[in-house]
Amino acid sequence: MHSVDFFDTRIIEGTTTSIVLDNGKIEQISVNFTKGAAVRALKGGSWGFTSADGDFDVEKAIRAASELAVSMNEKSPKEKVKMQDIASPVVSNTPKVKKNPLDISLEEKVGNLKEFGKYAKKEGISSTSAVYSESSYKVMYTDSTGVEGEYDVVRTGFAISAVASREGLYQAGRESRFGVTGYEIFDKYNAAELAEDAANSALQLLDAKPAKGGNMPVILDPELAGVFAHEAVGHASEADLVLEGSSVLENRIGESIASPLVTIIDDPTMHEYGYFPFDDEGSQTEKTTIIDSGVLKSYLHSRETAAKLGGTPGHCRAQGHSRPIVRMSNTYIDNGNSKFEEMLEEIGNGMYLIGSRGGQVNTGEGVFQFNAEKGYLIEDGKLTTLIRDVSLSGKILEILNNVKMVGNDLKMNSGRCGKGGQLVPVTDGSPHLMISEAMVGGA
C-alpha cells in the first residue's frame with residue numbers, strides 16, 4: 001500500500017500546565033490536553049511530513065505523507081537517503097516521580113507560586129515575575145522496519161525574576177530550576193531562597209561598575225561555561241550542520257581541537273531536563289563523548305546523518321508534533337581536578353564571569369558572543385569590584401585551546417534550546433574553567 005522506502009509515526013499525548021504571575025498577580029493560567037501524531041515518509045531523497053491533532057486516522061496520515069514524498073521525488077529527485085538500521089529501544093532506568101503534579105490542585109500551585117514570589121519583592125525592586133510549568137507525556141513510536149517503543153515523562157519547574165531600578169538604570173536577577181521530576185522539585189530546592197537571591201542579584205548590580213573591555217585571562221562560572229559547551233561546541237557538533245557545511249568542526253573527527261583538559265559529553269540518559277530514553281526516530285539513547293581529552297570523537301546524529309557520516313544515531317528530536325532534527329540533550333564539560341581558589345591564585349589579574357543572559361554563535365565561522373549576568377575583577381588573586389554589562393566573545397577553537405584549568409565542581413543548569421523554529425528542553429553544565437586569554441566586552 002505504501003510505495004515508499006521508509007515511514008514512521010510518533011504519537012504523543014499528555015497535559016501541560018503553566019502559571020505566570022506578574023508582580024504577584026495572575027497574568028496567565030493555561031492547562032492544555034494534547035493528543036496528536038507526527039508522520040514522516042521517505043521516497044528516494046524526498047521526505048513527506050504530516051501532523052495531526054486530536055482523533056486522527058494513522059493510516060490516512062501515513063498515506064498523506066507517502067503521497068507527498070512520492071510526488072516530491074518525481075518532481076525534483078534528490079540523492080537517495082539511507083537510514084541507519086536500528087533495533088527497537090529498551091526503556092529502563094526511567095526517572096521516578098514522587099509527587100505527581102496532576103494530583104496537586106491548581107489553587108495549591110498558584111498559592112505556592114504567590115508565596116515564594118513574595119520573597120523577590122524587596123525594597124528597590126520595581127517588578128517581579130514568577131512562572132511555574134509542568135508537562136506529563138506519553139510518547140509512542142513505530143516505523144516501517146518494525147521498530148517500536150514507548151515511554152512516559154514528567155517535567156516540572158519554576159523560574160523567578162526581579163528587576164531593580166534607580167534613576168533610569170534597570171538591572172535584573174533571575175533564578176530557575178527545571179527537571180524530569182514531579183512536584184517534589186519544591187522539596188529539592190528552596191524556592192523562597194532562590195527568589196531572594198534573584199532580588200539581591202538585581203539590587204547589587206545597580207551599584208556595579210560597567211565593564212571595561214579587552215583581552216584578558218578569565219574564569220567562567222559553571223553556568224556560563226555550560227552555555228559555552230552547549231552553544232559553541234554542542235551546536236557545532238550537530239551532524240546536520242556539519243553536512244550543510246556550517247560547522248567549524250567539519251572533517252575534524254580524530255583531531256585535537258581543544259586543550260587536553262577538556263572533555264565534553266552529551267548524555268540523554270541522565271535524569272536531567274534534557275532526558276529521553278530513545279529519540280524521535282526510535283533510536284536508543286546513550287552517553288556520547290563529543291570531545292575526549294581535547295580530541296574530537298563524535299558528532300551528534302540522526303539515523304540519516306549516521307548512515308552518511310558513520311556514527312551512532314540517538315540525537316534526533318522534535319518539539320511536539322514537529323519534524324525531528326538533530327538536537328542536544330544534557331551537554332556538559334566533564335570535571336577536572338582544580339579548585340576555584342587555585343584558579344584565582346593562578347590567574348593573578350583578570351575577570352570572573354558569572355551566569356548567562358544569552359548570546360549568539362555562528363557555528364560555520366566558529367565565532368560566538370555571550371552576555372554574562374555579572375562579573376568580578378580579579379586583582380592579585382582576589383575577587384574585588386562587581387562588574388555589570390559584561391560579555392565574552394571569541395573563536396570557539398581558540399577558547400577551547402586556551403583552557404588552562406578545569407574545576408572539580410560540575411553543576412548543571414536547565415533551560416530550552418531553539419533550533420529550526422523548535423524549542424526543546426535541555427540541560428547544560430560545567431565546572432569552573434580558567435581560560436588564559438579571552439575577549440571581554442564592556443559598556
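I count a charge as sitting over a ring if NZ of Lys or CZ of Arg is within 6 Å of the ring centre and within 35 degrees of the ring normal. With that in hand I went through this structure, which is a predicted model.

**Entry 1: charges over rings**

I looked up Arg177 first. Arg177 lies over the face of Tyr189, at 5.4 Å from the ring centre. Then I went to Arg155, whose charged end sits over the ring of Tyr273, 5.8 Å from the ring's centre.

**Entry 2: ring against ring**

How many aromatic pairs does the structure hold? I get twelve. I picked out Phe228 and Phe368, an edge-to-face pair with 5.3 Å centre to centre and 65° between the planes. This pair links distant parts of the chain: Phe228 belongs to helix α5 (residues 222–234) and Phe368 to strand β17 (residues 367–371), 140 residues apart.

**Entry 3: helix α1**

Next I took α1, residues 58–75. Its 18 residues reach 26 Å from first C-alpha to last, close to the 26 Å expected at 1.5 Å a residue. I checked the start of the helix as well: a side-chain oxygen of Asp57 comes to within 3.0 Å of the backbone nitrogen of Glu59.

Which residues of α1 are buried? My list reads Ala61, Ile62, Ala65, Ser66, Ala69, Val70 and Asn73. They cover an arc of only 165° around the axis, so they fall on the same side of α1.

What do the buried residues of α1 pack against? I find β1 (6–22), β2 (25–43) and β3 (46–53). On the face turned away from the buried side I see the exposed residues Lys60, Glu67, Glu74 and Lys75.

**Entry 4: positive phi**

Last, I looked at backbone angles. Asn23 has a phi near 50°, a positive value, and lies in the loop between β1 and β2. Asp389 is not a glycine either, yet has a positive phi of about 50°; its place is the loop between β19 (382–388) and β20 (391–395). For accessibility, Asn23 counts as partly exposed at 35%, and Asp389 counts as partly exposed at 35%.

Definitions and conventions:
Residues numbered from 1 in each chain as written. Predicted model: local features only at pLDDT ≥ 70, side-chain atom pairs only at ≥ 80, totals over all residues. Heavy atoms only, no water. Phe/Tyr/Trp six-rings, centres within 6.5 Å; stacked < 30°, edge-to-face > 60°. Helix = DSSP H or I, 4+ residues; strand = E, 2+ residues; numbered from the N terminus. Expected span 1.5 Å × (residues − 1). Buried < 20%, exposed > 50% of the residue type's maximum accessible area, 1.4 Å probe, protein only. Arc of directions from axis to C-beta. Contact = heavy atoms within 4.5 Å. Polar contact = N/O pair within 3.5 Å; in protein donor to acceptor, adjacent residues only side chain to side chain.
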